[in-house]
Amino acid sequence: MTTPRFDELIHPSTRLSLVAILAAADWADFSYRKDALPLSDSALSKQLSILEQTGYVTTERRLDAGRRKLRAILTDAGRDAFDGHVAALRSIIAAEPGEGM
């Protein structure tokens, strides 16, 4: 069972969306994430850098048919943080009106 833990780093909508995409995939290429999220290349790169600096994401740069490609994967720490954050959001949604507020 996942312990609910609200994560301020994951909570902003752009990062939450990015982590949710990575949680549903193994490795995800930059172009796939860019198509799935309404972000510019620089904004997506910035969000990935923030998540990588905290150890939630690992990135890999490689050559594919002579083109540089960037792909990312959610680390175990990132998956634990995401699962805890989702559990925290679910507990907020499930709370009775006036409970704990």
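Q: What makes the three strands an open sheet, and in which order do they lie?
A: This is a predicted model, where local features need pLDDT of at least 70 and side-chain atom pairs count only at pLDDT 80 or more, while totals for chains, interfaces and linings use all residues. Residues are numbered from 1 along each chain as its sequence is written, and side-chain values use heavy atoms, with hydrogens and water left out. The strands line up in the order 1-3-2 with antiparallel pairing. Strand 1 (28-29) and strand 2 (57-64) are the edges, as each pairs on one side only. Two strands pair if DSSP finds at least two bridges between them.

Q: How do you know that strand 2 and strand 3 pair?
A: Just set the bridges against that cut-off: eight of them join strand 2 to strand 3 (residues 67-74), and the two run antiparallel. The pairing rule asks for at least two, so strand 2 and strand 3 count as paired. In the hairpin, two residues lie between the strands, and Ala-65 takes a positive phi near 55°.

Q: What packs on the sheet, and at what angle to strand 2?
A: That's helix 3 (residues 41-53), which touches strand 2 and strand 3 and whose direction makes about 125° with that of strand 2. Angles here run from 0 to 180 degrees between N-to-C directions, with axes fitted to C-alpha atoms, for helices over the stretch in contact.

Q: Why is Thr-59 called buried?
A: Thr-59, found in strand 2, has 13% relative accessibility. Buried means under 20% relative accessible area, exposed over 50%, and partly exposed in between (1.4 Å probe, protein chains only), so Thr-59 counts as buried.

Q: What makes the Thr-59 and Glu-52 pair a polar contact?
A: Their side chains come to 2.7 Å. The label needs a pair of N or O atoms within 3.5 Å; within protein, one must be able to donate a hydrogen and the other to accept it, and residues adjacent in sequence count only if both atoms are side-chain atoms. The side chains of Thr-59 and Arg-61 also make one, at 3.2 Å. Leaving aside neighbours within four places in sequence, Thr-59 is in contact (heavy atoms within 4.5 Å) with Glu-52, Leu-70, Arg-71 and Ala-72.

Q: Why is Leu-39 buried, and where is its place?
A: Leu-39 belongs to the loop between helix 2 (30-36) and helix 3. Beyond its neighbours within four places in sequence, Leu-39 is in contact with Thr-14, Lys-34 and Leu-44.

Q: Which residues bring helix 1 and helix 4 together?
A: From helix 1, Leu-16, Val-19, Ala-20, Leu-22 and Ala-23 meet Arg-79, Phe-82, His-85 and Leu-89 of helix 4. By class, that makes seven nonpolar, one polar and one charged residues. Helix 1 (residues 13-23) and helix 4 (residues 76-94) pack at about 115°, with axes 11 Å apart.

Q: How many helices and strands does the chain have?
A: There are four helices and three strands, following the pattern α-β-α-α-β-β-α along the sequence. Helices (H or I, at least four residues) and strands (E, at least two) are DSSP runs, numbered from the N terminus.

Methods. Nonpolar A, V, L, I, M, F, W, Y, C, P; charged D, E, K, R; others polar.
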